[in-house]
Amino acid sequence: MKVLSGALALTLVGAGGSVAQDAGGTPPPPPPPTAETTIPAPEWRSVSAESLLVLDTTKGRILVELAPEVAPLHVERIKLLARRGFYDGVPWHRVIDWFMAQTGDPLGNGEGQSPFPDLKAEFTFRRDAAMPFAAVAEPSGARVGFLHSLPVQTQPDSAFALTADGKVHAWGLYCPGVAGMARDEGNDTANSQFFLMRQSYPALDKRYTIWGAAVSGLDVLRSLQVGDGENGMMAQAQPDRMTRVRVAADIPEAERPSVQVLATDSPRFRALVEETRQARGADFSVCDLTLPVQVVN
């Protein structure tokens, strides 16, 4: 069963897979509201149509910005399957409130996958100085921030000069909206099933490949039918479905969604970071930051 573990203590079931347990407890407080602000045109970044995945569901549309710098093999697989119509009509077969929503199984029971070979894990990546990384915090020996719309933690820039390839170790963070790949017990067993985070879950960091982040539709993701069976599986509940999944570049231009995200090298982004830091105080986290987005179509 292609699943994921939501806790460090794993429960193994069926096919050697691991099952997630919800964190439970009191939900984290919502991020502080951001004041309405008119953002000048130069402070927006356009998302490439080739790097935008459009997930139409029975509850609405979710837009995911792909992260090929972080997980090239997984991004290639997601795009391949989308372009073949593999995901069309596939259910969200496992949904856990305050955790994640999982899909990508044509059988709808956690046992299915595509006909293509399993993928090699891409839990981490190598960041170089040319990547548009924007730091929001610098804890001792690390930097935390954004690579495009994806929350990332990385070694400090000072380590560039110390590595043979001039790059440093980095990995995506499981904040709300982040897209990860489900797998069996083995690291290199991801195939077609994936999940989108309904809330933050740092226990998954560096353990499941991250391949993108939702830039629009987090409300849709959180409205999906929650599983009523064991470990969030659908038992009697009627699952929501992905009605159609496409790469935006394949949609006729007149119908294609056009997405702009607040640029992380802009003054407004720095102001947003400071506003959020002041509101959250010692509890500040990169997961508290929601980048403003404009969507046309």
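Student: Which strand do five bridges join to E10?

Tutor: Strand E11, residues 150–154, is joined to E10 by five bridges, and the two run antiparallel. Strands pair if DSSP finds at least two bridges between them. Strands (E, at least two residues) and helices (H or I, at least four) are DSSP runs, numbered from the N terminus. Keep in mind that this is a predicted model, where local features need pLDDT of at least 70, side-chain atom pairs count only at pLDDT 80 or more, and totals for chains, interfaces and linings use all residues. Residues are numbered from 1 along each chain as its sequence is written, and side-chain values use heavy atoms, leaving out hydrogens and water.

Student: Which residue in E11 is the bridge partner of Leu147?

Tutor: Look for Leu150, which partners Leu147. E10 and E11 make a hairpin with two residues between the strands, and there His148 has a positive phi near 60°.

Student: What does E10 pair with besides that, and over how many bridges?

Tutor: Strand E9, residues 133–137, pairs with E10 over four bridges, again in the antiparallel sense. Ala135 stands opposite Gly145 of E10. These two strands also form a hairpin, this time with five residues between them, and Gly141 in the turn takes a positive phi of about 75°.

Student: Are the residues of E10 buried or exposed?

Tutor: For E10 (residues 143–147), five of the five residues are buried (under 20% relative accessible area; exposed is over 50%, partly exposed in between, with a 1.4 Å probe and protein chains only). So E10 is largely enclosed by the rest of the structure.

Student: In what order do the eight strands of the open sheet stand?

Tutor: Follow E6-E7-E14-E13-E15-E5-E4-E16; the pairing is antiparallel. Strand E6 (94–96) and strand E16 (242–247) stand at the edges with a single partner strand each, so one side of each has no neighbour in the sheet. From one strand to the next, the twist averages 25°.

Student: How many bridges join E13 to E15?

Tutor: Three bridges connect strand E13 (residues 178–181) with strand E15 (residues 210–216), running antiparallel. Among the residues involved, Ala179 has Gly212 in E15 as its bridge partner.

Student: Which strands does helix H1 lie across?

Tutor: Helix H1 (residues 72–83) lies across E4 (52–57), E5 (60–66), E13, E14 (194–197), E15 and E16, where contact means heavy atoms within 4.5 Å. Helix H1 runs at about 120° to E16. Axes are lines fitted to C-alpha atoms, for helices over the stretch in contact, with angles from 0 to 180 degrees between N-to-C directions.
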